[in-house]
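Biologist: Please take me through this structure, and give me the cut-offs as the terms come up.

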Amino acid sequence: MTELAASDPLPKPKRDLAPILLPVALALAMIPLVGSPSTWLTLTAASLAMGMMIFIMASGLTLVFGLMDVLNFGHGAFIAVGAYVATLVFAPFAASVQADSLWLNLAVLAPAALLSMAVSGALGLVVERVLILPVYGQHLKQILMTTGGLIVAEQTLYALWGPQIIPMPLPASLRGSFILGDVAIAKYRVLAMLIGLAVFVAIQLVLNRTKLGLLIRAGVENREMVEALGYRIRRLFLGVFMTGSALAGLGGVMWALYREQVHASMSDELTVLIFVVVIIGGLGSIGGCFIGAILVAMVANYGGFLVPKLALVSNILLMVAVLMWRPRGLYAVTSR
Amino acid sequence: MTDLLKLSGVHTHIGRYHILQGIDLAVPQGQVTMLLGRNGAGKTTTLRTIMGLWQASSGEITLGGTRIESLATPDIARLGVGYVPESMAVFSDLTVKENLVLAARDAAMDDRQLEWIFGFFPALRRFWLSRAGSLSGGQKQMLSIARAIIEPRKLLLIDEPTKGLAPAIVMALIECLKEIKRKGATILLVEQNFFAARELGDSVLVMDNGTIVHRGEMAALAADVPLQERLLGLSLEAHQ
């Protein structure tokens with residue numbers, strides 16, 4: 001029996017830490033520029049919270065991009081739908097939301113978030129079957145179909161709820177800040193960070209510790225070979241699409257509470273950010289998406305504080321810079 | 001000897017190109033059938049059509065008497081067809097172990113089968129927990145073949161396993177495929193390396209322009225230099 005190339009030296013897989021260190025380096029570089037340590041801490045906490053919310057919304061899109069090769073320009077619809085569904089729960093229980101009891105607040109917030117995820121996920125099922133299924137593999141048609149779907153969704157929300165902005169006040173126990181010396185960190189931002197981290201850890205556990213995760217990772221890389229091994233990847237597509245839609249719904253609730261308002265075109269401001277995150281993270285990479293979301297939020301917060309006029313283009317500049325460094329994103333996964 | 005796989009009048013179109021133009025072939029049970037031909041003759045398309053990765057436009061494909069031409073790729077795979085593509089297509093982000101776990105599908109990996117595979121491919125044991133993307137080309141090919149045989153398959157479709165590999169690795173792969181053959185596997189093997197073809201093949205099919213232009217015993221083709229030159233443009237010796 002021949003030792004088939006067993007003697008060949010195997011290059012040790014390199015741990016690519018540069019993208020992980022990037023937000024750390026950026027945050028540290030901002031200390032002298034911002035000047036005040038307390039302002040820097042506040043901005044950093046705001047960046048992390050905003051980054052986590054963007055990550056939650058973008059994580060589904062990056063998997064849909066990577067696994068299904070689908071350009072879903074209508075992802076923002078799930079965000080808006082999630083937020084509106086939450087208002088349906090918040091409105092009749094306004095007294096409980098404003099009660100000065102954490103448990104009472106959570107008793108409304110948790111079902112609202114779960115219902116939003118369920119409705120957005122169900123809407124994802126309909127969108128995948130009706131809009132995406134006929135145009136798999138046809139990018140131009142995907143863009144047209146999903147953009148059309150987004151317009152229909154927005155107009156439907158206008159028709160059902162009216163054009164006015166709906167207030168969505170934070171629950172009473174999530175108002176205010178934690179005070180650490182002369183640093184104030186908003187309670188809601190801490191909650192957003194915790195939820196974002198929990199979502200990230202949950203996705204990583206599923207992707208790295210379960211067979212379902214193996215299939216998703218393999219499918220992102222080579223769908224055809226996964227099918228040739230006997231797996232029906234279309235079902236996996238549908239499951240990932242629904243999960244991504246549900247996460248967008250959760251992100252919509254969190255963003256609405258962050259802004260304390262809901263309106264049908266709320267996803268417009270987020271869609272560009274989400275696409276920037278997905279692209280700079282590397283299509284299909286959850287880790288890249290996580291780091292990309294933090295970077296985008298940092299650039300928005302630090303940039304907005306230091307050079308307010310630059311805030312409008314800061315994320316595009318970030319994307320250009322990252323893609324010049326790594327043309328396929330921070331962590332390239334797919335061969336596409 | 002009964003035929004495990006039969007193609008009758010199979011046509012395949014890819015876009016506006018008519019690639020397979022009425023393929024008729026049979027792969028006998030327990031034999032290695034070589035599929036030879038010049039580049040662009042339609043060999044890879046034949047394997048992909050059998051696997052359902054490209055849909056046959058017309059014609060019949062039967063596996064053990066079951067019509068499969070309209071089945072989806074996963075259903076064909078679950079009927080017991082293993083596929084080793086030309087590109088190897090290992091999942092580079094997954095470890096060697098994870099690649100094989102996926103290939104074992106619903107079953108746990110059979111330890112005896114795994115040991116048998118390690119006997120041929122000791123590198124896979126050594127790099128069990130390494131990312132497949134960090135393996136060398138030869139090691140990736142080993143993994144790709146291991147993935148196809150980790151579970152018993154009725155039929156193996158293997159596309160140019162020796163392509164681009166160093167001679168020492170080619171020899172080792174030939175030994176491995178011989179052993180798989182001795183265990184009774186049925187293989188349809190596309191190969192450009194005629195030395196490998198001669199070593200492994202029981203029967204041979206030669207393709208040209210999307211049709212089968214010759215069928216017969218591999219030994220007979222190997223012995224007939226003028227026929228080789230007529231069918232393939234070069235003799236076997238010229239390819240060794």
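Modeller: One term first: a residue is buried if 20 or more other C-beta atoms, placed from the backbone, lie within 10 Å of its own, exposed if 12 or fewer, and partly exposed in between. This is a predicted model, in which local features need pLDDT of at least 70 and side-chain atom pairs count only at pLDDT 80 or more, while totals for chains, interfaces and linings use all residues. Residues are numbered from 1 along each chain as its sequence is written, and chains are lettered from A and ligands numbered from 1 in the order in which they are written.

Biologist: Is B:Glu160 buried or exposed, then?

Modeller: B:Glu160 has 22 C-beta neighbours inside 10 Å, so it counts as buried. The residue is in the loop between β7 and α7 of chain B (helices, H or I of at least four residues, and strands, E of at least two, are DSSP runs numbered from the N terminus). B:Glu160 also has a positive phi of about 45°, although it is not a glycine.

Biologist: Which loop holds B:Asn209, and what is its phi?

Modeller: B:Asn209 belongs to the loop between β9 (203-208) and β10 (211-217) of chain B, and its phi is positive at about 50°, again without the residue being a glycine. With 14 C-beta neighbours inside 10 Å, B:Asn209 counts as partly exposed. Most residues other than glycine have a negative phi.

Biologist: Back to β7 of chain B: which strand does it pair with?

Modeller: β7(B), residues 155-159, pairs with β8(B) in the parallel sense over five bridges (two strands pair if DSSP finds at least two bridges between them). In that strand, B:Val190 is the bridge partner of B:Asp159. Together with helix α7 (residues 167-182), β7(B) and β8(B) make a right-handed β-α-β unit, where right-handed is said if, with the strands pointing away from the viewer, the path from the first strand over the helix to the second runs clockwise.

Biologist: And where does β3 of chain B come in?

Modeller: β3(B), residues 32-37, also pairs with β8(B), in the parallel sense and over four bridges, and B:Thr33 has B:Leu188 as its bridge partner there.

Biologist: How many residues of β8(B) are buried?

Modeller: Five of the five residues of β8(B), 186-190, are buried, so the strand is largely enclosed by the rest of the structure. Both faces are covered, with B:Thr186, B:Leu188 and B:Val190 buried on one side and B:Ile187 and B:Leu189 buried on the other.

Biologist: What about chain B as a whole, how many helices and strands?

Modeller: Chain B has eleven helices and ten strands. Its radius of gyration, taken over C-alpha atoms, is 17 Å, close to the 18 Å that the globule rule gives for 240 residues, so chain B is as compact as a globular protein of that length (the rule is 2.2 Å times the number of residues to the power 0.38). Buried residues make up 49% of the 240 residues, and the C-alpha atoms fill a box of roughly 45 × 40 × 35 Å along the principal axes.

Biologist: Changing topic, how many residues of chain A are in contact with chain B?

Modeller: On chain A there are 26 residues in contact with 36 residues of chain B, contact meaning that C-beta atoms, placed from the backbone, lie within 7 Å. The largest share of the chain A side, six residues, comes from α8(A).

Methods: Two residues are in contact if their C-beta atoms, placed from the backbone, lie within 7 Å.
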